[in-house]
Amino acid sequence: MNGMRALMALILTITANSVLSWTCPSDCICLSHTQILCNSGHLTFVPLRDLPKTVEHLSLTKNNLTYLPTDAFTGLRHLRKLTLDTNRIRRLDRFAFRGLSRLRELSIQHTPLESLDKFSLAGLQNVTAILLGYNQIKVIHEFAFAGSANIRLILLNNNPLHTVSANAFSGLTNVEHLIMPSGIQQLQPDSFNGLDSVGLLKLSFMDLASLKSHTFRGLSHVHVLSIQDSDLGVIRADAFSGLAHVGSLNLLNNKIDAMQSLTVTRDNHIRHFRFNGNHVLDSPRRGTFVGLASVASEGFTIIGNHFPCDCHLFRFLDGHPFGNWSRDLFTGKNYCISPLELNGQPIAVVDPMVIDKCLQTSVAAPPKTNADVTTTAVLIAAVILASNGLFLHDLAV
């Protein structure tokens, strides 16, 4: 027993002496052996040899670091907070932060960092926040976060992110909030494949040509997936195929050129679906909302949207696309984009006679127009249709 006490006393003495004999790096301010500020020091590399192994809070802001190599902070096993803001970092090598098992906050902001390369942020565990805002990140490559888990917040705001590659978040699990930047132009198929257990995945202010098939394949256990305030282009068939276990799937306040299909099935395990406040430029056809009525276990809402009030819309509604959900509720809570005289008015105000004529019209594709038909003839036809209560849209129906 006395021998064990002596050994412990010796260890404490050695540790104390090592702390007392440690000299603060010349470019840093050392508040203690656990908190060190190396700000505005013109450092071009991480001064590992000069840092005590006991450091917990390390700030390296406003330096001249241009890249972080693999194992850039090796040996700093007690590090809990690392700040690298306002450097010249353009690249993170694979496993740059490996070995930081106690790290809780990582901030790399206001740098010229252009991409998140493969495995660059891999292996981070139990981190409260990974702050990557205000950089120049244009691309997230596959497996950038592989093996990282139990992350409370990943913030990518204010980056010119154009492309999210397939498998960009593969191997990332248990993230409470993943906030993407505005301006995304391309979500590749399988962009979120392998991302498991997310509290909130928010995609806003995107500018897409289309929401591609299998964009969300392999994404699972999401409390809220919110796609909002974006130009989604064309929603392709199977865009949500392979998405599983979603508490709430929200499409809110988007511009949508057309919907090939917005299919959800029992395999998606969606509890609630919200399609609210969207502007749809091409009316949905029969079969566009497949399975919605029977799949969303806690219901769905489709309100505040704007559609062209043309024959396609009324044929779509005639197919009872939402099961027992009241047609009157849909027509009363959604609005017309066109024709111009009904813009902003509830769909319910459309003359029932017009709807009846639409439903009586063949849904077959119209015959090709004779090349010799003149503009005058088209105008005459328009006048006749207008006088019968039909809309100019229906020339193309």
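Buried here means under 20% relative accessible area, exposed means over 50%, and partly exposed is whatever falls in between (1.4 Å probe, protein chains only). The model is predicted, so local features need pLDDT of at least 70 and side-chain atom pairs count only at pLDDT 80 or more, while totals for chains, interfaces and linings use all residues. Residues are numbered from 1 along each chain as its sequence is written, and side-chain values use heavy atoms, with hydrogens and water left out.

**View 1. The disulfide of Cys-24 and Cys-30.** A disulfide, taken as a pair of cysteine sulfur atoms within 2.5 Å, joins Cys-24 to Cys-30 with an S to S distance of 2.0 Å. The link is right-handed, at 85° about the S-S bond. Cys-30 comes out as partly exposed at 22% relative accessibility, and Cys-24 is partly exposed too, at 27%. The structure holds four disulfides; counting bonded cysteines along the chain, they follow the pattern 1-3, 2-4, 5-7, 6-8.

**View 2. The disulfide of Cys-309 and Cys-336.** Here the sulfur atoms of Cys-309 and Cys-336 sit 1.9 Å apart in a disulfide. This one links distant parts of the chain, 27 residues apart: Cys-309 is in the loop between strand E24 (306–308) and H3, and Cys-336 is in strand E25 (residues 335–338). For helices and strands, read DSSP runs numbered from the N terminus (helices: H or I, at least four residues; strands: E, at least two). The torsion about the S-S bond is about -90°, so the disulfide is left-handed. Cys-309 is buried at 0% relative accessibility, and Cys-336 is buried at 0% as well.

**View 3. The disulfide of Cys-311 and Cys-358.** Cys-311 and Cys-358 form a disulfide with their sulfur atoms 2.1 Å apart. At -65° about the S-S bond, the link is left-handed. Two helices get connected: Cys-311 belongs to H3 and Cys-358 to H5 (residues 352–360), 47 residues apart. Both cysteines are buried.

**View 4. The salt bridge of Arg-90 and Glu-114.** Look for the side chains of Arg-90 and Glu-114, which meet in a salt bridge at 3.4 Å, N to O. The term covers a side-chain nitrogen of Lys or Arg within 4 Å of a carboxyl oxygen of Asp or Glu. Arg-90 lies in the loop between strands E5 (81–83) and E6 (91–92) and Glu-114 in the loop between E7 (105–107) and E8 (115–116), so the pair ties together parts 24 residues apart in sequence. Glu-114 is partly exposed at 39% relative accessibility. A search of the whole structure turns up ten salt bridges.

**View 5. The salt bridge of Asp-318 and Arg-286.** The side chains of Asp-318 and Arg-286 pair up in a salt bridge at 3.2 Å, N to O. Asp-318 lies in helix H3 (residues 311–318) and Arg-286 in the loop between strand E22 (279–280) and helix H2 (292–295), so parts 32 residues apart in sequence are tied together. Asp-318 is partly exposed at 32% relative accessibility, whereas Arg-286 is exposed at 53%.

**View 6. Thr-331 and its contacts.** Thr-331 has its place in helix H4 (residues 327–333) and is buried, with a relative accessible area of 10%. Leaving aside neighbours within four places in sequence, Thr-331 is in contact with Leu-317, Pro-346, Ile-347 and Ala-348, where contact means heavy atoms within 4.5 Å.
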